Each structure stands twice: as structure tokens, then as C-alpha cells.
Amino acid sequence: MTVATAHALLTADEITETAALVRSLGLADDDTTFRRMAVAEGQDAERHIEVWLFRPGPAEIDELVVSLSTGRLVSKHTVTGQYPQPGFGELFAAMDAVRTDPGVAEAVAERGITDPSRLQVDPWPTGNMGLSIEDGHRSVRCVLFYRDEENDNGYSRPVDGLMVFVDLDDMEVYHIEDIGTWPLADEVSNYQAGSVTPRTGLRTIDITQPDGASFTVTDGNHVRWQNWDVRVLLDHTEGLVLQSLGWTDGERRRPILRRASLAEMVVPYGEVRETQAFKNALDVGEVGLGRCVNSLQLGCDCLGDITYLDGAWCFDDGSPVQIDQAICIHEEDFGIGWKHTDMATQIPEVRRSRRLVISSIFTVGNYDYGLFWYLYLDGTIQMELKLTGIVTTMSYTEGDDLTYAALVAPEVAAPIHQHLFCARFDLEVDGPVNTVYRVDVETDEPGDHNPHHNAFRAVANRLETEQQAIADVDPAKARTWRIVNEQATNRLGQPTGYKLLPADSPTMFARPESRIAGRAGFAAHNIWVTPTDRTQRFPAGNHVSQSRPEGQGLPAWTDADRPIAGTDITLWHTFGLTHSARPEDYPVMPTEYARCTLVPFGFFDRNPALDVPPNEHCH
Ligand code: CO
């Protein structure tokens with residue numbers, strides 16, 4: 001076979017090849033399953049693939065890197081005492097185990113359900129609530145919904161009160177927790193075409209680019225558009241990843257980000273009912289976004305002149321799952337880029353803004369997450385999550401406490417929850433040696449220097465160590481973070497840099513003593529800065545399934561309080577939405593958005609979009 005270049009997308013053929021190589025090297029036996037396969041980070045010219053293997057007997061996880069170029073094992077690290085992400089094959093087997101379990105049949109019969117095959121079984125990550133019944137079990141906790149028809153929206157009819165614990169090694173139900181019975185909701189709330197009478201009056205919008213798109217894709221995933229160039233990857237765990245993002249002026253290519261990804265997320269729920277309180281999904285680490293990627297449809301998911309990239313992920317048995325059209329790349333008009341009308345001459349100058357959109361959509365159980373990366377003509381970089389799908393539901397009957405949930409239909413409530421995303425930006429603004437400043441705007445004290453009491457200033461604090469860098473967003477101080485290269489200057493002698501314009505987002509509301517706060521410590525603060533360390537990539541740890549609340553990941557790493565100024569650093573930003581459900585979120589949720597933005601700050605000598613030509617069709 002021809003070995004791909006080091007930074008290309010992982011293909012289905014390479015997954016097959018890698019699994020065969022791992023087996024031929026004697027690293028996997030018949031009981032071994034594959035839990036992650038991805039293009040390894042920080043590799044050189046060789047094609048290095050990262051593989052995580054799980055052996056159930058001793059419950060060991062091997063973290064391997066193998067070289068497809070040389071056919072050799074590059075590195076191996078064995079982890080004990082932790083559980084891997086459940087395999088997709090396991091999750092489907094667990095659903096079957098629940099539907100065919102006699103105890104489950106009995107429990108649902110008491111609720112009037114005589115045909116367990118009509119149960120919708122959602123296998124939730126059980127988390128780690130410190131239950132002794134779970135000790136020694138590699139476990140998922142299943143919650144149930146009911147569908148009369150196969151295509152019904154099961155979330156409109158929760159079978160609340162039951163939690164079914166399945167051991168993934170034995171693939172058997174080992175415990176059923178029954179906390180009470182709620183009546184099955186009467187109303188079936190469907191959302192599919194055919195179940196709703198469509199409105200009228202919406203005429204066609206077509207996006208046409210008669211001269212074609214302005215970007216190119218070479219070598220499978222190397223995207224070039226205007227001054228930008230970037231590699232696009234689909235990672236098993238993190239989903240859509242940008243790698244080696246740079247801006248070229250003439251002959252000079254200027255790096256900005258070595259890698260940018262959604263490294264973890266957590267969805268903590270605020271409802272205290274036992275069937276809801278354990279729901280604290282770490283969807284990146286526990287589920288794996290790359291495995292949940294949608295095959296996108298032209299004219300539906302994306303409009304315009306689209307280039308799609310195919311994706312592939314590794315199933316439990318090492319075989320590839322090919323996803324056609326997994327990544328969408330296109331250009332979007334984005335309104336006015338800049339404009340001025342000269343008051344004396346009344347002559348306007350106006351330029352359109354345009355952005356390159358690189359996106360994928362991931363379906364994780366009831367929710368659907370779009371991950372959208374935007375590159376703009378003026379040097380701005382943006383990461384946006386689009387949240388849609390169906391809110392998780394619980395039964396409501398008269399007298400139930402609605403302090404921590406809200407009615408979305410007559411007998412259905414949705415618990416309050418958060419979606420907290422942790423972006424990882426491996427920085428290389430004009431090179432690998434960067435420094436971060438936290439910038440607060442402060443009102444000056446009265447005094448001789450402030451005779452009109454109007455003075456306020458931007459105060460930049462150079463962040464020297466990890467502990468000093470830990471902080472939260474503060475809209476009252478217009479707080480931003482400036483990433484600079486102190487060895488490079490613009491024409492004004494200022495260090496070149498980018499500014500993180502943070503999302504206006506709270507941190508985790510669950511108390512620090514909660515189990516989830518200890519498992520997802522990254523969500524305790526909005527900003528962390530660490531020296532770049534290739535062994536520190538996942539902010540709640542590599543293996544988060546049933547992880548213990550021990551502050552692993554970012555809180556543990558930053559305990560070392562390493563120096564972070566003038567070195568190779570990574571910026572971590574936790575941001576997201578707090579979701580107090582409303583009737584309009586039901587039965588399917590209108591898209592909500594969460595985003596953060598990197599804006600050039602002295603990276604350029606002037607407005608880099610000055611040279612955008614006027615629109616020819618402007619008259
Ligand atoms: Co939500």
C-alpha cells in the first residue's frame with residue numbers, strides 16, 4: 001500500500017491496515033477490542049497511528065502508537081484500574097440485553113407495558129456516583145422510553161422510575177433500580193416530516209457560485225482558502241479537528257495554531273431525582289464524537305458549492321466504519337465586512353465579509369451537536385457549537401417538584417442542565433514560543449492624572465505560571481486573553497498576537513463536592529494555560545468512563561504550577577450553555593449556539609481585509 005503523508009485524514013483502508021499490523025505484532029489477541037484509532041499527534045514525516053486497546057480479563061488498556069511507514073511499534077503505555085470508552089458494539093448489545101431481560105419485562109409490565117420490544121433503551125454512561133452495587137462492574141446505566149410505532153419520538157413517553165444496570169463484560173443486567181412509578185404520558189410528540197402539516201409561503205433560496213468555490217483541497221485534507229491553509233482531521237474522540245493552521249502573506253507562511261479541537265465536554269444535570277441526577281455525560285471521552293459523525297446531505301445540512309470529505313472510524317473489532325460526506329467545507333457570505341460613507345463626498349466604500357466553514361455534525365443519543373470552524377477574510381478564527389436534537393425527558397405527574405426541571409408537555413418535564421465544552425488550542429502564533437496575557441479594563445482612581453474622571457485603561461497581566469493563569473470570564477471587566485509572540489513584532493514594534501474573545505459563559509453549577517465536579521475539573525474554570533505536553537491532551541483524563549472524582553486532567557496537571565511564559569503552550573477554554581428548558585425546545589430543539597473567537601491583535605499591520613475587492617454586482 002501507499003503510505004499517506006503524516007497529516008492526512010485516517011482512511012478506512014488504513015484502519016484495516018493498522019488493525020492487521022497491531023495483530024501481526026502480537027499486541028492484540030482474540031479478546032482484545034479497539035477503543036480509539038486516530039492519526040497520532042506530533043508525529044514527524046512518518047505515518048503514525050494512535051491505537052487504544054482493551055483487554056477485559058485483567059482490565060488493561062494499552063495506549064499504542066504504531067508506524068504505518070515502517071510497520072513498527074513506536075510506543076506502548078499500559079493503563080490499569082481504569083475503564084475504556086464502551087464500544088459501540090457493546091452499547092447495542094446492552095440495549096438488547098435490557099429488552100430481553102425477564103426482570104425488566106416484569107418491571108415494565110407493572111407499568112402496563114406488555115411488549116418490551118417497544119422499549120427505547122438509552123444506554124447512558126453511568127458515571128461514578130459511588131454506588132457499591134457498581135463496584136467491579138464495567139457498566140452502563142440504561143433508562144427507558146416507550147414507542148408505539150417504530151418511528152415515534154420515544155422521548156415524549158419516558159418510562160421513568162427505572163434504571164437498568166448492565167455489565168458490559170458479561171453483557172447481562174445485574175441490577176434494576178426501581179424508585180417509583182409514573183404514568184406513561186398520553187401525548188406522542190413527533191417531529192418527523194409527515195407528522196406535522198408544513199407551513200406555506202417559503203420560496204426557494206438557492207446559493208449559487210457560478211465561478212465555483214474559492215478554496216482548494218489537496219492531499220485529501222489540506223484546505224487552502226485566500227491567505228489561510230489548514231489540515232482537517234476527523235478524530236475518533238474529538239471529532240472535527242484543525243491542524244497546522246496558518247496565514248500566508250506573499251512568500252511568508254505564519255503559523256497560528258498547531259492544533260485546535262474540542263477536547264472534552266460535560267453535560268451536568270441539576271435535577272435531584274435519582275433517574276436524572278447521575279446524568280453527567282462526558283460526551284467526548286465517554287462516547288467519542290468521531291464515532292457519532294453524521295453523513296451530511298447536500299441541500300439539507302449544507303447549502304451552496306460544497307466539498308465533502310469522507311471519514312472513517314474504527315469499530316470495536318478493528319474494522320473500519322466508512323462515513324461518506326462526514327465533513328462539509330464551503331464558503332458563506334457573512335454580511336458587511338467593513339464600510340464607510342465619506343460625509344463630504346457621500347461616496348460609500350463597502351466590502352463583503354466571507355468565511356470558510358468547516359463543519360461536522362455528531363449525534364450523541366438524544367442530542368445533536370454541530371461543530372463549526374470558521375475562518376474569516378480579516379484573520380478571525382471562530383469555533384461554534386450548534387446544539388439541537390431532543391432534550392432528555394422525565395415523567396411529570398401532579399405534585400412532582402419542578403424546582404430543577406420544567407414542563408415541556410403536559411406529563412413531560414426536562415431537567416435543567418449545562419453543556420460545557422473544553423476547547424484545546426495548541427498555540428503557535430508566529431512560532432511555538434508564546435505567552436498569554438489576561439487583559440482587564442479598569443476604571444482609574446480619581447486624582448491629578450484623571451482630572452475629568454473619565455480615565456479607563458486596558459491592563460495586561462503577563463501570566464507566568466499555570467496557577468496564575470486559571471481564571472473565569474468577567475464581562476464587567478471586558479476581560480479577554482491576549483496570546484503573543486514576544487519574539488516577533490509588527491511594524492509598530494508591538495508583539496504579534498491574537499486575542500481570545502471568550503464566550504460569556506458560567507462554569508459548572510454543581511457543587512465542588514459533587515461527584516461530577518471531581519471528574520470534570522476542567523469545568524470549574526473558563527481558562528487554563530499549560531505548557532504543551534503531548535501526554536496531556538484530554539482535560540478530564542484519557543479514560544473518563546466511570547472515572548473517579550479525583551481531579552484528574554487539568555486540575556492535577558496545573559498543580560505542578562509550571563512556567564508558561566515564553567514557551568510552547570496550550571490554552572484551554574471551557575464555555576457553553578446553561579439550558580433551562582422551555583416549551584419551544586420540544587419536541588425537537590431549535591438550534592442554540594455556543595462559540596468562542598480568536599481575533600488578530602497586532603498580528604497584522606493594518607486591517608488585513610483592506611484589499612478585499614468591491615463586489616462586482618454592487619449597483
Ligand atoms: Co441542552
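**Charges over rings**

I began with Lys386, whose charged end sits over the ring of Phe372, 3.9 Å from the ring centre. I counted a charge as sitting over a ring if NZ of Lys or CZ of Arg is within 6 Å of the ring centre and within 35 degrees of the ring normal. Arg482 is placed in this way too, with its charged end over the ring of Phe601 and 3.8 Å from the centre of that ring.

I noted that this is a predicted model, in which local features need pLDDT of at least 70 and side-chain atom pairs count only at pLDDT 80 or more, while totals for chains, interfaces and linings use all residues. Residues are numbered from 1 along each chain as its sequence is written, and side-chain values use heavy atoms, with hydrogens and water left out.

**Aromatic pairs**

I then searched the whole structure for aromatic pairs and found 18. Trp313 and Phe315 form a tilted pair, because their ring centres are 6.1 Å apart and their planes stand at 40°. The rule I used pairs rings of Phe, Tyr and Trp (its six-membered ring) if their centres lie within 6.5 Å, and calls planes under 30 degrees apart stacked, over 60 edge-to-face and the rest tilted. I also checked how covered these two residues are: Trp313 is buried at a relative accessible area of 7%, whereas Phe315 is partly exposed at 27%. Buried here is under 20% relative accessible area, exposed is over 50%, and partly exposed is in between (1.4 Å probe, protein chains only). Elsewhere, ring pairs link Trp228, Trp247, Tyr498, Phe603 and Phe604 into a cluster.

**The cobalt site**

Which atoms coordinate the cobalt ion? I listed Tyr367 (OH), His417 (NE2), His419 (NE2) and His579 (ND1), at 1.8 to 2.1 Å. Donors are N, O and S atoms within 2.8 Å of the metal (3.2 Å for Na, K and Ca), and since water is not among the atoms, sites may look incomplete. The angles among the 4 donor atoms run from 92 to 140°, and the site is irregular.

Strands (E, at least two residues) and helices (H or I, at least four) are DSSP runs numbered from the N terminus.

**Sheets and hairpins**

I traced an open sheet of 4 strands in the order β1-β2-β3-β4, paired antiparallel. Its edges are β1 (33–39) and β4 (72–80), each with a single partner strand, so one side of each is left without a neighbour in the sheet. Two strands pair if DSSP finds at least two bridges between them, and β1 pairs with β2 (residues 48–55) over 6 bridges. Within that pairing, Arg36 has Trp52 in β2 as its bridge partner.

I next followed β9 (residues 215–218) to β10 (residues 222–225), which are joined in the antiparallel sense by 4 bridges, with Val217 opposite Val223. These two strands form a hairpin with 3 residues between them. β10 then pairs with β11 (residues 228–235), also antiparallel and over 4 bridges, and here the hairpin has 2 residues between its strands. His222 has Arg231 in β11 as its bridge partner.

**Backbone exceptions**

I kept in mind that most residues other than glycine have a negative phi, and most peptide bonds are trans. Asp219, in the loop between β9 and β10, has a positive phi near 55° and is partly exposed at 38% relative accessibility. Gln226, in the turn between β10 and β11, has a positive phi of about 55°. Ser244 has a positive phi of about 50°, but this residue lies in strand β12 (residues 239–249) and is partly exposed at 24%.

Where did I find a cis peptide bond? One joins Tyr586 and Pro587, with omega about 0°, and Pro587 lies in the loop between β29 (567–579) and β30 (589–600).

Note on methods: Tetrahedral: all angles 85-135°; square planar, octahedral: opposite > 155°, others 65-115°.
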